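Dear colleague,

Please find below the structure that I am handing over to you, with its sequence. My findings follow directly after it, and I would be grateful if you could read them with the model open.

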Amino acid sequence: MKTWMICMLCSAASYAQDTTAPKPPPKPRPAARAAVPDHLPGKGMAQHDFLFSGQWDTRKDSQTVYLIKKGKIAWQYAIPIKDEAGQLNEYSDIHLLPNGNVVYAYKTGAAEVTPAKKIVWDYKCPAGTECHSAQPVGADKVLLCVNGTPAKVLLVNRRTGKTEMEQVVPTARPDDPKSVHGQFRNIRMTKAGTYLLAHLNMGKVVEYDRNWQPVFSVNAPSAWAALRLSNGNTLISGNQHGYVKEVNAKGETVWEVNKDDLPGFPLYTVHQVSRLKNGNTVICNWGGFLRKEDWDKVVQLIEITPDKKVVWALHQWKDPDLGPSSCVQILDVPEDPPRF
């Protein structure tokens, strides 16, 4: 009897174990969709003077922002890929100030560094929050977006450290800590003093007035960044959807480029975009979701004319290796809108 009971228990245990659903294998990362063309338009790193960085370069133990002048690295500044608490650092927003300092967001905070690499201001995110947006406003202030539960927009005086404005903003899942990372990337204060928010996990761009009442909204799947152009239109980048579109005040698309609209130059994940005063658009083409062995098949920066002709394609993965592309500031041609 005891033997029978033991056998039955063993059989039951084996049955339970055998019917437990195995964990699904990790989803393989996709391959690059195209090889890099043999001849690229433009002058490579010498096409423009520019500030550049890319997030999530997990090949390295540091993340670097590069200042490129006359085709060479004129200055660079690296931060450890992990902070003292083991949290991942990554550049998500960078700005070269008129005085030569650089303001940047680094996920666990935001900071200002001098050309001598001295930190003169450093905002540390509270536990459980992230910062992927830091826009200099005037000479002394910076507009921050702090992803969290809840998410907040802050206007901070970099000289005094005082928070001069704090506003809770809506997100898709405001009480879910797991949603924090996907809430926002770049937000911007406009010249009119309104707030233009690319709601990444809500799939739309919303403009709020000074009293934080919505005055404009447009659907924009996985919006990574939004800029208010001098013509009143809004330029939006589409993250993993691989698009750039310009919409008017009615929310109508008046210009766009999608993943495979540029023959030989597929868009993978579009992070920051810059509109130049000459009408050209510069696209940060991030490919970090690809197989790591395919990263160097991605053209990091693409400049196109209004009629979508590629006039510059930056492919710079060695000598030097600039890494994936998330942020760019073009320095030798005026941007629209101007940063300062």
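N248 is in contact (heavy atoms within 4.5 Å) with F216, N233 and V254, leaving aside its neighbours within four places in sequence. The residue is found in the loop between β18 (244-247) and β19; strands here are DSSP runs of type E with at least two residues, numbered from the N terminus. With a relative accessible area of 16%, N248 is buried, a term that means under 20% relative accessible area, whereas exposed means over 50% and partly exposed lies in between (1.4 Å probe, protein chains only). A polar atom of the N248 side chain lies 2.9 Å from the backbone nitrogen of K250.

Please note that this is a predicted model, in which local features need pLDDT of at least 70 and side-chain atom pairs count only at pLDDT 80 or more, while totals for chains, interfaces and linings use all residues. Residues are numbered from 1 along each chain as its sequence is written, and side-chain values use heavy atoms, with hydrogens and water left out.

Nonpolar cores

A nonpolar core is a set of buried Ala, Val, Leu, Ile, Met, Phe, Trp, Tyr and Cys residues joined through side-chain atoms within 4.5 Å. The largest one has 17 residues, and those with the most contacts inside it are V244, V257, L262, I283, I302 and I304. At least two residues of this core come from each of β19 (253-257), β20 (269-276), β22 (301-304) and β23 (310-314). For I304, leaving aside neighbours within four places in sequence, the contacts are W255, V257, L262, N280, T281, I283, K309 and V310. Another core, of 16 residues, lies apart from the largest one, and I187, Y195, Y208 and W212 are among its members.

Sheets

Two strands are taken to pair if DSSP finds at least two bridges between them. In general, strands of a sheet pair through backbone hydrogen bonds, either parallel or antiparallel.

K69 stands opposite K72 in β3.

A further open sheet has 4 strands in the order β8-β9-β10-β11, again with antiparallel pairing. Here β8 and β11 (163-169) are the edge strands, each with a single partner strand, so one side of each is left without a neighbour in the sheet. The twist in this case averages 15 degrees from one strand to the next. Strand β8 (residues 130-137) is mostly covered, as 8 of its 8 residues are buried. It pairs with strand β9 (residues 141-147) in the antiparallel sense over 7 bridges. Q135 stands opposite L143 in β9, and P136 has V142 as its bridge partner there. β8 and β9 form a hairpin with 3 residues between them, and G138 in the turn has a positive phi of about 65 degrees.

Salt bridges

Side chains of opposite charge can pair when their charged atoms come close. A salt bridge is counted when a side-chain nitrogen of Lys or Arg lies within 4 Å of a carboxyl oxygen of Asp or Glu. The whole structure contains 19 of them.

R188 counts as buried at 10% relative accessibility, and D93 counts as buried at 0%.

D57 forms a salt bridge with R59, the closest N and O atoms being 2.8 Å apart. D57 is buried, with a relative accessible area of 5%, whereas R59 counts as partly exposed at 34%.

R228 pairs with E207 in a salt bridge whose closest N and O atoms are 3.0 Å apart. R228 lies in strand β16 (residues 225-228) and E207 in strand β14 (residues 204-208), 21 residues apart, so that distant parts of the chain are linked. Both R228 and E207 are buried. Finally, salt bridges that share partners join D57, R59, K60 and D321 into one network.

With kind regards

Notes:
Axes are lines fitted to C-alpha atoms, for helices over the stretch in contact, and angles run from 0 to 180 degrees between N-to-C directions. A polar contact is a pair of N or O atoms within 3.5 Å; within protein, one must be able to donate a hydrogen and the other to accept it, and residues adjacent in sequence count only if both atoms are side-chain atoms.
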